[in-house]
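This briefing covers the overall build of one protein and then one of its sheets. The sequence and the structure come first.

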Amino acid sequence: MLDGYGAVLALRAAGTSLVLDTDGRVPRVLHWGADLGALDEALSEALRDSGGPAVLNNSPDVPRSFSLWPSEFEGWAGTPAQEGHAAGSATTPRPHTVAVRYETAGENGDLGGRIEFDLVDEITALRSTMSIALDRFGVLAVDVTVTRDAALGATTAEPYTLDALRVLMPVPERATDILDFTGKWCRERAPQRGPLFFGSHVRRARRGKPGHDAPFLVVAGTEDLGFRRGEAWAAHLAWSGDAEYVVERLTEGAGPFSSVLGVGEGLRPGEIALADGDSYVAPTALFLWSADGLDGLADRLHRRLRARPSHPAKPRPLTLNSWEAVYFDHDLDRLTALVERAARVGVERVVLDDGWFHGRRGANAGLGDWIVDRSVWPDGLGPLVDIVRAHGMEFGLWFEPEMINLDSDLARAHPDWVLGPRQALGATARDQHVLDLTRPDAYAYVLERISAIVDEYGVDYIKWDHNRDLSEAVSGYAGVDRPAVHEQTTALYRMLDTLRARHPGLEIETCSGGGGRVDLGILDRTDRVWASDCNDPVERLKIERWTRMLLPPELIGSHLGAERSHTTSRRTDLAFRLIVALTAHAGIEWDLQEADDEQLAQIARWGAAYRELRGLIHSGRVVNADLADDTTLLTGIVADDGSRAIFTWARLGTSAPGQSGRVRLPGLDADARYAVRVRDDFGTASRHQSADPSWIVAAASGTVVLPGAVLAVAGVPLPTLNPQQAMLFDLVRVP
């Protein structure tokens, strides 16, 4: 890497750029947004010269700056980058830069690169390194490490207690709106949007995991922000423990900018205490900008994920999960019949869910006893595994390794392995507690039991569940109760990494009561997420639409459920359920013994369509139409080369308009021509009209060829569907 100390440095890629001025105590952002082009001396000086804010009335007598490590020393009165103390002293950090290194990628420096800078702080006796990497897709990854170094002149020998370490990025005045997410069990990733007022918009996740109400992705955007329009600046913390997101606007601004967007790990009191030589490595903070609305953000993140060496490479198998089919009723004959029917409809992987291990006849016992229950499986799981493999399918198994029931042999033998205050445990959730994985003996036990089961049965796939929050998450392993969320999270990561290293090819799904742990930290170690425990297609449409803001479809499990939803009691048509489950990593979670021959044939056609289309679904660009009628959705997946696309047109409820008018199909090439086909081979949508628009009538007999200019620019009228109905359009580019 090259020495960049004192220079103006730029990282550029995919239409975006970050420009830093390193001539100061701490580097500061001169620009983050649209690519300004190659950085020459004139542009550098213009950015630096125009980056000095005014000196305001009743303010410090020097201009307030806003660096990449903002502090009160700079005149910053907002949320600081660092908070902490050493026995009540060393509370005013003043880091300063001692080295800057940089490198760029690409012949013209327009494929990203990295800027690193080292800081020292004599007041807190900390050495720090911040690394800012821009990948070729335009996503910034910021990593920070701090190390206690008493040789810098610590005023006390007491450890430095780190209360917060955040990465904060400035955003301009035109970012006037905030979009983030909330939710609950079975209604994850519900968007909420409002104006960026003066003050602090702070979202804290204190559940020991992101939670069903996780902020997920926090966006500051322009007033016109939509799926296909407006500018957006976004942040995500790639971390599976406690977290903090902040969007902040002070009246004096942030240097030459207006507001601040930041993230950091949520640290419990006393959780990180740094003695001399100790280090804290912060979770990776991701930042990205888009000029193409929310779809532009999603596209950058999807491309980044798909470029990972660990990204699933083989076709995502059509999966059957046993949970909503049999629940705890594990009977070999019943499961054999289910597997036989799964084979008829084209299932490629069968996952045996909760209920297979010792004492697990319901949800209140057995967690921790990862031994096959011989009272249910007298010959072990081998007979079922043999049947699954005889049909050419993969075999998967459910675990909840981080949890323990007090009614278990493990808890009776090792009551001290339960995470919680030594004085007395708090309330159970789902009749369970958390297992203290920060204890080496508990960690080793769980790791070896899972590994042994994987070896014995050649398990291809683990559904890894996590069904409760971490409350009063303290560990008494060291003789005193110490906060343990950070160490519990790193222990989880270490266990996942070890299992994957021991068992090459093993795939792992992350589930947390559904979608309670969806983040890019866990996705570095797993192969898909279970987006929600809700298989109701009405809810799933919304949950998956917003989950795709962060994750591409191949990483999102989506299952066909029963006619009457297990979680909402809503009844929906089979065709609707099939279409909704198609455009992700598709599967089935329904007792197929309930399906008649006609329904099985319908599901088999859907399975064939999934295998036909999954190459497109799992590699294409996700697009969403901005529609005035919020009871309708139009979402699509378009091949990178534009050669093929599919679109889902769905209606959730009734609305005032009798017809849609001309609706644009986003993401298509306006200069191309497309053969359009209505895919009703696994069911026809019910209409709220007497006849379809004329072009749909023409397409009903096969295909209709339309110019891209009509489909993508002028738009086409779409059928008025009845509520809880959907249509699938299949488009192929033609000469």
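Helix α1 (residues 41-49) lies across β2, β3 and β4 and runs at about 115 degrees to β4. The model is predicted. The three strands that α1 lies across make up an open sheet in the order β2-β3-β4, with antiparallel pairing.

**The sheet**
- The edge positions are held by β2 (8-13) and β4 (28-34), each of which has a single partner strand, so one side of each is left without a neighbour in the sheet.
- From one strand to the next, the twist averages 10 degrees.
- Strand β3 (residues 16-21) pairs with β4 in the antiparallel sense, over 6 bridges.
- T16 has A34, in β4, as its bridge partner.
- In general, the strands of a sheet pair through backbone hydrogen bonds, in either a parallel or an antiparallel arrangement.

**Overall build**
- The protein contains 13 helices and 40 strands.
- Its radius of gyration is 27 Å, close to the 27 Å given by the globule rule for 735 residues, so the protein is as compact as a globular protein of that length.
- Taken along the principal axes, the box filled by the C-alpha atoms is roughly 80 × 70 × 45 Å.

**Burial, contacts and surface**
- Of the 735 residues in the protein, 60% are buried.
- Among contacts with a separation of 6 or more, 72% are between residues 24 or more positions apart.
- The accessible surface of the protein is about 26900 Å², and carbon and sulfur atoms account for 49% of that surface.

Note on methods:
Residues numbered from 1 in each chain as written. Predicted model: local features only at pLDDT ≥ 70, side-chain atom pairs only at ≥ 80, totals over all residues. Heavy atoms only, no water. Pairing = 2+ DSSP bridges. Helix = DSSP H or I, 4+ residues; strand = E, 2+ residues; numbered from the N terminus. Axes fitted to C-alpha atoms, helices over the stretch in contact; angles between N-to-C directions. Contact = heavy atoms within 4.5 Å. Rg over C-alpha atoms; globule rule 2.2 N^0.38 Å. Buried < 20%, exposed > 50% of the residue type's maximum accessible area, 1.4 Å probe, protein only. Areas by Shrake-Rupley, 256 points an atom, 1.4 Å probe, with all protein chains shown as cover.
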